[in-house]
Amino acid sequence: GMTSGLARLGIASIGLGTLTGAITGAARASMEAERVGAQLNAVLRSTGGLAGVTAEQANNLADALSRVTPFEDEAILSAENLLLTFTKIGRDIFLQATEAVLDLSFVLGQDLKSSAIQLGKALNDPIAGVTALRRVGIQLSEQQSELIHKLVRAGDVMGAQKVILRELEVQTGNSARAAGETFGGQLTILGTKLGNV
């Protein structure tokens, strides 16, 4: 009768609402992915691809890290975009630097953007970087600071960057991957995978 008709209508509208929500969500995610992709291409153009990282490599890295950490690929790619604006970060340490951004964010409980800027600045200018990292609680020893000074003076910026990244790894302990292995992390990763589908 009348009631079952209304009930059916209610259920249908809930179904439609859910579907509309899913479509809106998917459209939003797609627009975000496009925006981040365009941003990546713009960064690579403006820096003249100085890092030696291609758009495809950046995308693959974001995708791979989103499968093992509780961060979405778009957010990771946005962080990569920021790292790429720091022209002294070369391809050889870009991968490690990207993962260090995720660890830093996880340990400090801050967004990837903030971590990418902090780490990008520190790696672009390792001598000043030591002080900047100290402010957020990442302490480098006196010996490490001296070594960084020596390396930078000798023109080995990458060597100095590696000292910073090695110490970050010690202090953050690959925490983004570790978080990805927890039950909550697995659920987040599953959500990211479903969102990408």
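Predicted model: local features only at pLDDT ≥ 70, side-chain atom pairs only at ≥ 80, totals over all residues.
Select S141 to begin, and you will find a residue that is partly exposed, with a relative accessible area of 30%; partly exposed covers what lies between buried, under 20% relative accessible area, and exposed, over 50%, with a 1.4 Å probe and protein chains only. S141 sits in the loop between helix 6 and helix 7, where helices are DSSP runs of H or I with at least four residues, strands are runs of E with at least two, and both are numbered from the N terminus.

Residues are numbered from 1 along each chain as its sequence is written, and side-chain values use heavy atoms, with hydrogens and water left out.

**The whole chain**

Colour the model by pLDDT, the predictor's confidence in each residue on a scale from 0 to 100. The protein averages 79, and 71% of the residues score at least 70. Confidence is lowest in helix 1, with a mean of 60, and highest in helix 7, at 96. In a cartoon view, the secondary structure comes to ten helices and zero strands. Buried residues account for 37% of the 197 residues. Switch to a surface view, and the accessible surface, by the Shrake-Rupley method with a 1.4 Å probe and, for residues, only the protein chains shown counting as cover, comes to about 10,800 Å², of which 60% belongs to carbon and sulfur atoms. Among contacts (heavy atoms within 4.5 Å) between residues at least 6 apart in sequence, 65% join residues at least 24 apart.

**The core**

Which residues touch the most other members of the largest nonpolar core? Select L119, L123, L165 and L168, which hold that place among its 41 residues; a nonpolar core is a set of buried Ala, Val, Leu, Ile, Met, Phe, Trp, Tyr and Cys residues joined through side-chain atoms within 4.5 Å. The elements that give two or more residues to this core include helix 1 (2–46), helix 2 (55–66), helix 3 (73–84), helix 4 (91–108) and helix 5 (112–124). Helix 4 contributes the most, with seven residues. Keep L119 selected and show its surroundings: leaving aside neighbours within four places in sequence, L119 is in contact with A97, A100, V101, L104, L165 and L168.

**Helix 5 and helix 3**

Select helix 5 next, where the buried residues are L112, S115, A116, L119, G120, A122, L123 and N124. What covers these buried residues includes helix 3, helix 4, helix 6 and helix 8. The end C-alpha atoms of helix 5 are 17 Å apart, which agrees with the 18 Å that its 13 residues should span at 1.5 Å a residue, the expected span being 1.5 Å times one less than the number of residues.

Move to helix 3, which is largely enclosed by the rest of the structure, because ten of its twelve residues are buried. Among them are D73, E74, I76 and L77.

**Along helix 4**

In helix 4, pick out S105, which counts as buried at 2% relative accessibility. Not counting residues up to four places away in sequence, S105 touches F71, Q110, D111, L112 and S115. L108 also lies in helix 4 but counts as partly exposed, at 30% relative accessibility.

Then select S175, found in helix 9 (residues 175–180), a buried residue with a relative accessible area of 11%. Apart from its neighbours within four places in sequence, S175 is in contact with D103, F106 and V107.

R67 counts as partly exposed at 46% relative accessibility, and D63 counts as partly exposed at 27%.
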